[in-house]
Amino acid sequence: MTPISWSSAAPTAQEVLRVTGYGRTATEWVPDRLHTATFTVADVAATTIEVTGTSAAATICKGDGGGPAFRETESRVELVALNNTSWQGGCLGETDTRTDATQTRLDELADWFQETTRLQPYALTNTVAGEFTGDSRDDLMAVEPGTGKLWLYPGTTTDRLWDDRIQIRPDVTWTDYRELVAGQFGGDANEDLLAIEIATEKLWLFPGDGAGGLGQRVQAGSGWQGKIDLVAGQFNRDGHDDIAAIRSPTEQTADVARKRRRRVQ
């Protein structure tokens, strides 16, 4: 199912919109199904529009408040406005004959809506932070357990608010890996990803490209069974990113693995 897009284009006079709702009709107080009709835009104001039904049966009644108005084209459907107030002509129990109504424009709110409803990280595993996109902001990468997808959440200028997520390396099933850790392991200034393959207990390097992507994996080590809680840092003061881990089940700190010449040893 393709989501309906939020229109950034203002409605225009004489434009025909489709309005939907679950409010009362001419014969029912509480209908149990969605109804729809078309309306013509009669007037466009700064924040609202005035619409009139294209037929005698087209009316907006009580219960339709907040219902959407759509622009229909050959290629797409766009959300344009929301029902605000109506004269309710033709509605059950009403005596007024006017079928025009007022709707709240949404085109000016498109940026605000996108900002406030942007999907944020939730119910993810193997979460790592790093500067993957090269814009000097910390980003987030994490695995979606139900799908095995790896998602990048680019950082923004707003604290604890991430940009629209991007799937990274869709050809890889990321639930096949554990202990993801980010760092500059590839001998350049790009943020890379290290992960242990569960089936083989091999350590793999996925080199970052500096623009949010990851390249083809390169084996960086083997025999990583029993190593958990990997963490990156410059532990031995040689200017290179290292990784440390806990050796399970002894719960002792394992040897520090040092980055040398594009691989971890």
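Q: Is Tyr 177 buried or exposed?
A: In this predicted model, Tyr 177 has 7% relative accessibility, so Tyr 177 counts as buried. The cut-off for buried is under 20%.

Q: And Phe 206, buried or exposed?
A: Phe 206 counts as buried because its relative accessibility is 1%.

Q: OK, rings now. How many aromatic pairs are there?
A: The count comes to three aromatic pairs. One of them joins Trp 174 and Tyr 177, with 5.6 Å from centre to centre and 40° between the planes.

Q: What is that pair called, then?
A: The pair of Trp 174 and Tyr 177 is tilted. Planes under 30 degrees apart would count as stacked and over 60 as edge-to-face, so an angle between those limits is tilted. Both Trp 174 and Tyr 177 are buried.

Q: Which kind of pair do Tyr 177 and Phe 206 form?
A: Tyr 177 and Phe 206 form an edge-to-face pair, with centres 5.6 Å apart and 80° between the planes.

Q: Where do Tyr 177 and Phe 206 lie?
A: Tyr 177 is in strand E12, residues 177-183, and Phe 206 is in strand E14, residues 203-206. The pair therefore ties together parts that are 29 residues apart in sequence.

Q: Which residues do ring pairs link into a cluster?
A: Trp 174, Tyr 177 and Phe 206 are linked into a cluster by ring pairs.

Terms used. Residues are numbered from 1 along each chain as its sequence is written. This is a predicted model: local features need pLDDT of at least 70, side-chain atom pairs count only at pLDDT 80 or more; totals for chains, interfaces and linings use all residues. Side-chain values use heavy atoms; hydrogens and water are left out. Rings of Phe, Tyr and Trp (its six-membered ring) pair if their centres lie within 6.5 Å; planes under 30 degrees apart count as stacked, over 60 as edge-to-face and the rest as tilted. Buried means under 20% relative accessible area, exposed over 50%, partly exposed in between (1.4 Å probe, protein chains only). Helices (H or I, at least four residues) and strands (E, at least two) are DSSP runs, numbered from the N terminus.
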